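Colleague: I have the sequence and the coordinates open, and I would like to walk through the fold with you. Could you start with the hydrophobic interior and then take my questions as they come?

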Amino acid sequence: MPETSDISRARKPLLRKPESEDGAAIWELVRDCKPLDENSMYCNLVQADHFADTCVVAELDGEIVGWISGHMIPDQDELFVWQVAVSPKARGLGLGKTMLLDLTRRDVCDGATHLKTTITKDNAASWGLFRGFARAIGGELSDTPHFKRDIHFEGRHDTEHMVSITLPREGDLKRAA
């Protein structure tokens, strides 16, 4: 049975760029969204401060209920999404896809030809989110093993597959669902 949300479907969280003061709340949200990898609070603070243009916070009644961290890959026309977190209070509203659309429509992402992210094979929620996003924008999704369990993680973490989604041209993306 689908998990119900405490947030009415009629109410929509405010999407905005994060501020450094959001770092602690972002860290707490990620910590509450198992099985996401926790970064340090300092990492989330730096992401909110230095990478605000390519990160998204979803806020409802002053509470952060969603987060995407990302960055433009240096010397490439590709947006890398590091982490997506949605509070259990806001699940089932399509917030992950809404935040991805908001992010990819920003001026800083103009010219990006692909959205990239890494996902372990067993993370069904992330696969569902990114497959649904690709369908919504009419993008092609592909994946290949990238950070490998034994080579990169010394056997301590599952292989991360690099997922690549083609992004439509700027004008087409602005009109996407």
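Modeller: Gladly, with the reminder that this is a predicted model. The largest nonpolar core has 28 residues, and the members that touch the most others in it are V81, L115 and F130.

Colleague: Which elements supply at least two residues of this core?

Modeller: At least two residues each come from β2, β3, β4, α3, β5, α4 (124-137) and β7, and α4 gives the largest share, with 6 residues.

Colleague: What does L115 touch, if I skip residues up to four places away in sequence?

Modeller: With those set aside, L115 touches L79, V81, L100, T104, F130, F133, V163, S164, I165 and L167. Another core, of 10 residues, lies apart from the largest one, and its members include C33, A48, I64 and W67.

Colleague: Is C33 buried or exposed?

Modeller: C33 counts as buried, because its relative accessibility is 3%, and the cut-off for that class is under 20%.

Colleague: While we are on cysteines, how many disulfides does the count come to?

Modeller: The count comes to 0 disulfides. Take C55 as a case: the closest cysteine sulfur to its own belongs to C43 and is 9.5 Å away, which is too far for a bond, given that a disulfide needs the two sulfur atoms within 2.5 Å. C55 is also buried, with a relative accessible area of 0%.

Colleague: Now the sheet. What is the strand order?

Modeller: It is an open sheet of 7 strands with mixed pairing, and the order reads β1-β2-β3-β4-β5-β7-β6. The edges are taken by β1 (14-16) and β6 (141-147), and since each of them has a single partner strand, one side of each is left without a neighbour in the sheet. On average, neighbouring strands of this sheet are turned by 25° against each other, with direction ignored.

Colleague: In which sense do β2 and β3 pair?

Modeller: Strand β2 (residues 56-60) and strand β3 (residues 63-72) are antiparallel, paired over 5 bridges, and within that pairing V57 has W67 in β3 as its bridge partner.

Colleague: And which strands does α1 touch as it packs on the sheet?

Modeller: Helix α1 touches β2, β3 and β4 (78-86), and its direction makes about 95° with that of β3. Helix α3 (residues 95-104), for its part, lies across β1, β2, β3, β4 and β5 (114-120), running at about 150° to β4.

Technical notes: Residues numbered from 1 in each chain as written. Predicted model: local features only at pLDDT ≥ 70, side-chain atom pairs only at ≥ 80, totals over all residues. Heavy atoms only, no water. Pairing = 2+ DSSP bridges. Helix = DSSP H or I, 4+ residues; strand = E, 2+ residues; numbered from the N terminus. Axes fitted to C-alpha atoms, helices over the stretch in contact; angles between N-to-C directions. Contact = heavy atoms within 4.5 Å. Core = buried A, V, L, I, M, F, W, Y, C linked by side-chain atoms within 4.5 Å. Buried < 20%, exposed > 50% of the residue type's maximum accessible area, 1.4 Å probe, protein only.
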